[in-house]
Amino acid sequence: MRIACYGVRPLERSYFKKLNKYGYDLKLIGEYLNRENVEEAADCDAVLVRGNCLCDRTNLKKFKSYGINWVFTRSVGVDHYDLKAAKELGISVARVPNYSPYAVANLAFTLGVTLSRHVGEAVYHVHEQDFGMHPDYFATEFNRLKVGIYGAGKIGAVEGKMWKGLGSQVYAYDPYPSDFAKQYCEFVSAEELLATCDIVSVHVPYFPGKNDELINEDFIKSMKPGAVLINTARGELANEAAVAAGIKSGHLGGYGADVVSSEKKIMGHQFANQEQVPDHDVQELMDLYPRVLLTPHMGSFTEPALEDMITLSYNNFHNMEAEGTVDQRNKVEYKAPAPKIKVEVSSGATEKVGA
């Protein structure tokens with residue numbers, strides 16, 4: 001089977017090859033799937049994409065015209081797909097929901113540590129030849145912090161474990177608490193978590209039309225004054241103008257994010273200057289460095305996570321060849337949207353996590 005793999009970074013190419021235990025004929029394509037390079041898959045039997053690839057109706061119809069019925073992703077989320085179109089075209093979609101939770105948890109933890117200890121501000125001033133002791137550097141110690149995990153699924157629970165190891169008081173909000181998370185987090189209401197915690201780290205999935213801009217003006221006003229907010233989940237969860245306003249007013253002590261709402265236009269691109277970044281709200285957040293730390297969606301960019309994503313993707317293709325289906329947890333099917341109502345957002349905490 002020949003597989004077109006989109007969005008393969010140069011560093012990743014050797015991993016795609018060495019982990020290819022089924023001997024697939026791989027066509028490794030560096031760019032994300034877009035309108036121009038969809039034709040690269042014309043001589044292939046299947047497609048493997050990643051987040052931010054353009055799996056809309058137009059591209060899926062192209063794949064179908066090439067005789068391709070399997071368009072899988074090596075990501076957890078599938079918001080880059082038109083799942084309704086995939087169903088109508090008879091294209092199967094599979095994902096990778098269980099790669100190393102430590103990858104994103106490590107980054108969220110690092111952003112929280114850096115912002116709460118004001119390391120970014122200190123480094124910035126030193127690079128400006130200012131070795132003075134600014135009042136803004138004054139901080140508490142990690143063992144005195146109250147840390148809130150908003151969504152204690154696999155990733156959130158692992159971050160809670162890390163903070164617990166430093167002696168922090170760790171709280172969590174999730175409508176479906178797992179036994180694993182309960183080892184490290186005390187579960188409280190969302191209101192209590194926001195009002196009392198010094199750091200709030202968000203780890204909920206994005207449900208289009210249901211929890212867009214979860215992190216909005218009301219969410220931020222509900223937080224403890226001076227608290228640090230971390231978002232390594234999805235950019236669509238945050239109203240970035242409201243975040244910037246919270247930083248400017250001083251209500252937010254810092255913001256760390258590995259995601260932005262206009263991600264497809266920004267992540268993976270290099271711009272000549274800040275004015276060319278195609279989102280004014282993101283530009284505004286960039287202006288607030290070092291109290292705002294933005295990273296280029298690098299949370300899963302670790303060796304264990306990469307190996308998991310590739311290996312599990314290959315397993316999905318193998319299972320489709322051998323059995324005509326994939327593991328039920330990896331299978332993605334279109335479901336007609338329910339009426340828009342206020343919902344409890346689960347992080348998927350009911351799934352077990354290895355310690």
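1. D43 is partly exposed, because its relative accessible area is 42% (buried means under 20%, exposed over 50%, and partly exposed in between, with a 1.4 Å probe and protein chains only). Its side chain meets that of R2 in a salt bridge, 3.4 Å from N to O (a side-chain nitrogen of Lys or Arg within 4 Å of a carboxyl oxygen of Asp or Glu). The pair links distant parts of the chain: D43 sits in the loop between β2 (25-29) and β3, and R2 in strand β1 (residues 2-6), 41 residues apart. Helices (H or I, at least four residues) and strands (E, at least two) are DSSP runs, numbered from the N terminus.

2. This is a predicted model, in which local features need pLDDT of at least 70 and side-chain atom pairs count only at pLDDT 80 or more, while totals for chains, interfaces and linings use all residues. Residues are numbered from 1 along each chain as its sequence is written, and side-chain values use heavy atoms, with hydrogens and water left out.

3. E40 and K27 also form a salt bridge, at 3.4 Å from N to O. E40 lies in the loop between β2 and β3 and K27 in strand β2, 13 residues apart. Which of the two is buried and which partly exposed? K27 is buried at 18% relative accessible area, whereas E40 is partly exposed at 34%. Salt bridges with shared partners join R2, D25, K27, E40 and D43 into one network.

4. The salt-bridge count comes to 15. One of the pairs is E284 with K248, whose closest N and O atoms are 2.2 Å apart.

5. On the surface, L11, M298 and F301 form a nonpolar patch with about 290 Å² of accessible area together. Patches are made of residues with over 30% relative accessible area and no salt bridge, like charges being joined within 9 Å and nonpolar side chains (Val, Leu, Ile, Met, Phe, Trp, Tyr) within 5 Å; accessible areas come from the Shrake-Rupley method with a 1.4 Å probe, and for residues only the protein chains shown count as cover. F301 lies in the loop between β12 (292-294) and α13 (303-323) and is partly exposed at 41%.

6. How do α4 and α6 pack? Helix α4 (residues 102-116) meets helix α6 (residues 154-165) at an angle of about 50°, with their axes 8 Å apart. Axes are lines fitted to C-alpha atoms, for helices over the stretch in contact, and angles run from 0 to 180 degrees between N-to-C directions. The two helices are therefore oblique (under 35 degrees is roughly parallel, over 145 roughly antiparallel, 65 to 115 roughly perpendicular, and the rest oblique).

7. Some backbone values deserve a look. Most residues other than glycine have a negative phi, and most peptide bonds are trans. H118, in the loop between α4 and α5 (119-127), has a positive phi near 60° and is buried at 16%. H297 has a positive phi of about 55°; this residue lies in the loop between β12 and α13 and is partly exposed at 26%. Y289 and P290 are joined by a cis peptide bond, with omega about 10°, and P290 is in the loop between α12 and β12.
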